[in-house]
Amino acid sequence: MVTIVGSAAVLERGDPMAEGSVEQAHVQAPPEGFLRRYVFSLDHKVIGKQYYGLALASVFTGMLLSWLMRIHLVWPAARIPGLELLSKGGAPGGIITPEYYLSLLTMHGTLMVFFVLTNAPFAAFGNYFLPIQIGAEDMAFPRFNMMSFWTTFAAWLVLMLAFFIPDGPPISGWTSYAPLSAVGRDAGPGMEYGMSLWGISIALFCIGSLLGALNFIATTLDLRARGMTLMRMPLSTWAWFITSCIALLAFAVLLPACILLILDRHAGTSFFIPAGLVISDRVQPHAGGSPLLWQHLFWFFGHPEVYIAILPSMGIISHILVNSLRKPLLSHKVVIYSMMSIGFLSYMVWGHHMFLSGMNPTSALAFSFPTLTITIPATVLVLIWLGSLYGARIQINSASLFALGFISMFVAGGVSGFFLAQPSIDIYLHATYFVVGHFHMVMGVASLFGVFAGTYFWFSKMTGRMMDETLGKLHFWITFIGTYCIFMPFHYLGLIGNVRRYQSFVDDFMAPYIGWHKFITVCALLTGAGQLIFLYNLIYSRFKGKPAAENPWNATSLEWSIPSPPPWNNFGGKHPVVYHDPYQYGVKGSKGDFVMQDSPEQVIVSGD
Amino acid sequence: MSFTIATPANPHAAALHQAKRNSVVLTTRHDRASRSGIWVGLFAITMSFAAFSSALFVREGTTDWTHIVLPSVLYLNTSILLASSATLEVARRLLAASWPFASRGAHRAGAWVFLTLLLGLAFCVGQFAAWRDLRAQGIYLATSPNSSFFYLLTLIHALHVFAGIAALVYLAGRLTAGHSALRRSLFENTAIYWHFMSVLWVYLFLLCRMKL
């Protein structure tokens, strides 16, 4: 028996041909010249790749820093050849000082959170694929888009500059808590100029992200192709859209916070510095400020930032998972509504970072409740992914492995969130390795798994060549096992009482557990080295990989309806018309078990 | 060169109607995108000032908050900025009434835009005068938390006004050259932005004035 579930005749907005033909006349000249094409490009695809490149440079720098930290933790006297060239004061004779450990920690966190977890899944893939997936020629404001990347790049340069000034990078951690971040030199090495560079860098990053978010929102709302209703957008596009709404609010608050911080540091104001503060035996010449104010402003950004990192990866892996399952997810709409609820709730939970800040205990309870509530949409998502796996004949490749790995990381890292969300338990676990293990898995590695999955999936579209699957699978297993080996012991160490940000545990009560730390360090070195396989695969496949077809995964969304790599104007001057929901898999189509979104054929589901 | 006639009421029908009549290249989707863009941008600006406001409320609750007497020139500045909003609205309506046929309307609108521009500059000069007034009293950025917020909020507002002035300079130039060189959506969006700056200023002024 044959059932017709979708009809090509259904179009939401007017006659497609009338508008299509009018707009086809709108032809622009392709960009010319090296600078316009590859450097100051207005093309969203080039900008997406630039973001990817920046994230790649940042992630390997950040990884190198984590190696140095791990080595110092277990072998504090180890000499790292050449490090003294980078910082004479921080690593005399190549041996890391306690203060320099904190510098490395700050730079690791800042690079990873801002320049990797925000840039790679959101800005890089979002820029490249959002316009294509909705059938647009480019972003709504290509010039803002270019400015957005170059502002972010300037932010990166300013941050990296901190390594090369005599003062060194700041030691305040990526959260830069006031008042120590606001008082300057007395707070320690790196806090005089390095900290200012941090503030300027993050302020610039905010501006770049705001421009980007504005572009994503306007593009999604108004540049969709004929027939591309909001509910017909792929889940990845939905995730980028929701993320850009979150980013717009979050970065608009972090920017004022950075401005206030810079003023406190350089203009003598006292927004964050209380009266009578003595640091390094000096009374600070400020009065009346509130250190808690910085925490409120920072975490009002900081918690949504967690979702800025994870939501795009959720969208990416959903998009890839549907393709590998060859059947739709249990519900398209519930995934979207769950992501929306997560985005909405992410604004009501920032206080759970501040249970021990001296905030009113009643407000701790008030923040605990929405924090526990946010697990509901997150759990719904996980159930939908797992439920959709049931009975599906999943196609295993590097992309789908990383998508499955994402679910694993998200669940394993997320479960510890239940503990931390409750103030009574958090009193014990606050600022321990339990927290570090939690957020590295659920926000850091899970989000990166989304990036890896996206890379293996979309590389063929972006470059016209396939990545090597054998190396990809090897990379997956090393990363997957390595991550558990690194971050699971973090939880146990945290429960024992291992405090984060301490540079050495050798002579402390932690001494009996130094073996665990050594195990983690070795795993971190090996897992990190495993990432070189990915880097090799990326570079090798870019030049020598197997040429990719237009639609190597038999996928349905619009990015697979155009050549690999796409021409500069995406659809060759034509405006695609969309006839179907994004994931018509498991149907009888003319090309196989799928029907593409822009295919006018009827969707026929075979049943019995 | 591009024309647009999209009205907020029914952009799509109006666009198709115009397409049949003029058979010119339409960029209606991009016009709608820039309309969304301006509102989204204003939303982000609102959020930033909400963050500054909450910082101000927190700071006001601490012990060393002292009130400063704001310079009286600010009342004049407020009137000037509100007047500039009115003149820009006149220009917008003139242009809307004459679009897309008469060029005389464009020239008259251009004159009103020019007047708006002068008023906008006068506002900035007035804000500067207010700063000089405070300085003369020995009140600087770091003198008290209240003065910190006053200088900061007025400066950031003024930076946003400068962006509006840049757009007005562009519009005035284009209108003098005739309306066909102008994207109407750009004009509409500049007007929205400029009105927003007026409203924002009234809010900030009240915020700095009030004694909690």
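Buried means under 20% relative accessible area, exposed over 50% and partly exposed in between, with a 1.4 Å probe and protein chains only. This is a predicted model, in which local features need pLDDT of at least 70, side-chain atom pairs count only at pLDDT 80 or more, and totals for chains, interfaces and linings use all residues. Residues are numbered from 1 along each chain as its sequence is written, chains are lettered from A and ligands numbered from 1 in the order in which they are written, and side-chain values use heavy atoms, leaving out hydrogens and water.

**View 1. Helix α10 of chain A covers residues 291-325.** Helices (H or I, at least four residues) and strands (E, at least two) are DSSP runs, numbered from the N terminus. The expected span is 1.5 Å times one less than the number of residues. A kink of about 30° is centred on A:Trp299. The bend at a residue is the angle between axes fitted to the seven residues ending there and the seven starting there. Of the 35 residues in α10(A), 32 are buried. A:Arg326 follows the helix, with a positive phi near 60°.

**View 2. A:Leu254 sits in the largest nonpolar core.** Such a core is a set of buried Ala, Val, Leu, Ile, Met, Phe, Trp, Tyr and Cys residues joined through side-chain atoms within 4.5 Å. This one has 258 residues. A:Phe114, A:Phe251, A:Leu254, A:Met314, A:Trp385 and A:Phe406 touch the most other members. Contact means heavy atoms within 4.5 Å. Beyond its neighbours within four places in sequence, A:Leu254 contacts A:Phe114, A:Ile202, A:Cys206, A:Phe298 and A:Phe301.

**View 3. Two cysteines of chain A, A:Cys258 and A:Cys523, are shown with their closest cysteine sulfurs.** A disulfide is a pair of cysteine sulfur atoms within 2.5 Å. The whole structure has zero, over all chains. The sulfur of A:Cys258 is 5.1 Å from that of A:Cys206, too far for a bond. A:Cys258 counts as buried because its relative accessibility is 0%. For A:Cys523, the closest cysteine sulfur is in A:Cys485, 4.4 Å away, also too far for a bond. A:Cys523 is buried too, at a relative accessible area of 10%.

**View 4. Chain B has six helices and zero strands.** Its pattern along the sequence is α-α-α-α-α-α. Of its 212 residues, 53% count as buried. Among chain B contacts between residues at least 6 apart in sequence, 79% join residues at least 24 apart.
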